[in-house]
Every structure is written in C-alpha cells, then in structure tokens.
Amino acid sequence: MPIALTPPAVPEIKNLGGAKAQSANKRKIICFSDFDGTIFMQDTGHVLFDNHGCGSKRREALDEQIKTGERSFRDVSEEMWGSLNVPFEDGFDVMEKTLEIDPDFQSFHKYCIANNIPFNVISAGLKPILKRVLDTFLGEEEAAHIDIVANDAEISADGSQWKPVWRHDTELGHDKALSVQEARKQAELACEDGSIPLIVFIGDGVSDLPAAREADVLFARRGLRLEEYCIEHQISYIPFDTFADIQREIEKIRAEDAAKTGGRGVPARFNPRANLWRRVSSKTAVPRYVVMSPTREEKMFLWPEAFSELKTPSVEVAEAALMPVQEHAAVGAVRG
C-alpha cells in the first residue's frame, strides 16, 4: 500500500533570520528553540509511542540503547515511529489531552514578535506533528510567526505506517548544528552594515548538544540533561525554569550589547568557538575571522588542517599552548 503524506508537507523554511530589521542600535537577535521538553513539558513522540506504539517499557529500553551508544538516534527513532499504528487525527487527540505548554511561552513569543526577533523551532521530531500542536495551542495566526526546522514524515491514511523523512543523512537525522549555521549565514548576509547577529539557543536534552555549541547564548532548562552536560564540561549557559526567565535575560543581553557595541560589529557575547568547528573553505571569510580574534584565527587560515574539527591528539596538545586553559577545556568538552 503506497504511503500518503498526512497532513500535507510543510513548506521548507527559506529564511530563518527574519525579514524585518530590528531597532537602530539594537543588534539583530535570532532565537532557536527545541520543542519537546522545552516549549512543551512532554515529548510528543513519547506520548504517541506510549499510547499507540511500542509502549513505555520498550521505549525506555530503546532510549537506553541511544545513551549507551549501542544504536544511533536515527536507527532507534525509526523503530519507535515504525511501531505506531494510529491515524494522524487519533494520535493528535491523545497529544492534545496530554501535552502541557510552558506557562510563559506564549508571552515570550509575543515579546519576540513585538521586537522583531525571529523565533525558530529546531527539533529532532516530525514537522507535521509540531505544526499541528503549535496551531492548536497558540492559534494558527500566532503560530504562523514560528518557523519549524525539523524532519518531515510520511504517514499512511490508516495510520499503519509512520516513516520519518530525515532532514540530513546523519546518525541524528537532523543536524541541528548545521541548521543553526545556515541561519547564521543567512542573517549575516541580511545585515547590510556588516554586523553579526546574536544567536540564542534554548534546549533541554542530549539531541540539543550539536546546536548548543553553535550558539552565542545558550539557555538550558534547569535540572535536565543539557544543563547536566554543561556543568560536567564547563560550558557557559544560562539556566531557566520558564520562558519568562529567558525574556528577562534577553532584555539584559540587549541592553548590555547596545551599551558595549551600539549594535555594530561583533556581539558582546559572541561565541568564536562556534565558527572553529567549521572547516574554512573560502578566503573571503578572513576579514570576519580577523575581527573575531587576530592571532588564533589567522593561524587557522595558515594551517587549516590543524585547526579543523577533527584533530589528532598531538594537534590538540599543540593548540593548548595557544589558548587560555578555560577555553581549551570548554572546546575539548564540546568536541567530546
């Protein structure tokens, strides 16, 4: 039986940086947020699997296989989604009854709209589900302001087949780090004065780690795995309990950046390590890196093999002499 797309495919997001300019002397800020466990307190997939699929015990066993590295996130996810046998509408009914939205998310999103701060959902989940949930809990008009960057799905009309259509050909299925990098590039091109946008990432769990290292400012939900990882590996982050905490911190960050930079050039809280993860392929990028850090970034262009993401132990030891001890510890932790 051929698989039908249910509901219709969500159009691909072409510009995650937003079209409207933010206030003069206010830096362009772009927010990315995880969905499950961050905007909503429960995981949409878990609600479906526990009620209409493999069940909670099997799901927990599969989750453990991801944690131990026995199987990849993508491989396990395909088994979980493949276990479902429920039409889309019936599956959504149980999600609508079970899901709880962060109590301050809607106010925060209205704040983003009022201040022309693009807000993007970036998720390892399935786009049709996320869109339907946002349309229901926020209303279609407000939800239309949120761009969703996630995997697509093929779902048969009778619900007997659920198949993820992965955004990237990787073990994670969706490389969140790559999606954030793409958005940063788009936003930089849109900044006519040459200023660099501030990238904010909000998350809670292990699938957020790749994107977390690309952010200038990282928010981690208090008490969950992302915060634990940041503490274990000395990664700078801001804890939050609700999105009201995030809104207050972003206001402080905007004021700080306006005072220190006037909204021009490199953000006051810029994360140069984010760009060190990418292999440099164009000489036109040199001026941007020189602005960031004249000494280390010039070395990166002189010896690109030594300063790329994949390093031998000897190269790491050599680089340790070139950076402060604290920064070396943070970079090594994220790489691990």
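Strand 2, residues 119-126, and strand 3, residues 146-155, run parallel in this predicted model, and five bridges join them. Within that pairing, valine 121 stands opposite isoleucine 148 of strand 3. Helix 6, residues 127-138, packs on the sheet and touches strand 2, strand 3 and strand 4; the direction of helix 6 makes about 130 degrees with that of strand 3.

The sheet as a whole is open and has seven strands in the order 4-3-2-1-5-6-7, with mixed pairing. Its edges are strand 4 (162-165) and strand 7 (238-240), each of which pairs on one side only. From one strand to the next, the twist averages 25 degrees.

I turn now to the salt bridges, of which the count is 18. One of them joins the side chains of glutamate 89 and arginine 132, at 2.8 Å from N to O. This pair links helix 4 (residues 88-98) to helix 6, across 43 residues of chain. Glutamate 89 counts as partly exposed because its relative accessibility is 41%, and arginine 132, at 26%, counts as partly exposed too.

Arginine 221 and aspartate 102 also meet in a salt bridge, at 2.9 Å from N to O.

Finally, consider aspartate 208, in the loop between strand 5 (198-203) and helix 9 (209-212). Aspartate 208 has 0% relative accessibility and therefore counts as buried. Its C-alpha atom is 8.4 Å from that of serine 123, although 85 residues separate them along the chain.

Notes. Residues are numbered from 1 along each chain as its sequence is written. This is a predicted model: local features need pLDDT of at least 70, side-chain atom pairs count only at pLDDT 80 or more; totals for chains, interfaces and linings use all residues. Side-chain values use heavy atoms; hydrogens and water are left out. Helices (H or I, at least four residues) and strands (E, at least two) are DSSP runs, numbered from the N terminus. Buried means under 20% relative accessible area, exposed over 50%, partly exposed in between (1.4 Å probe, protein chains only). Two strands pair if DSSP finds at least two bridges between them. Axes are lines fitted to C-alpha atoms, for helices over the stretch in contact, and angles run from 0 to 180 degrees between N-to-C directions. Contact means heavy atoms within 4.5 Å. A salt bridge is a side-chain nitrogen of Lys or Arg within 4 Å of a carboxyl oxygen of Asp or Glu.
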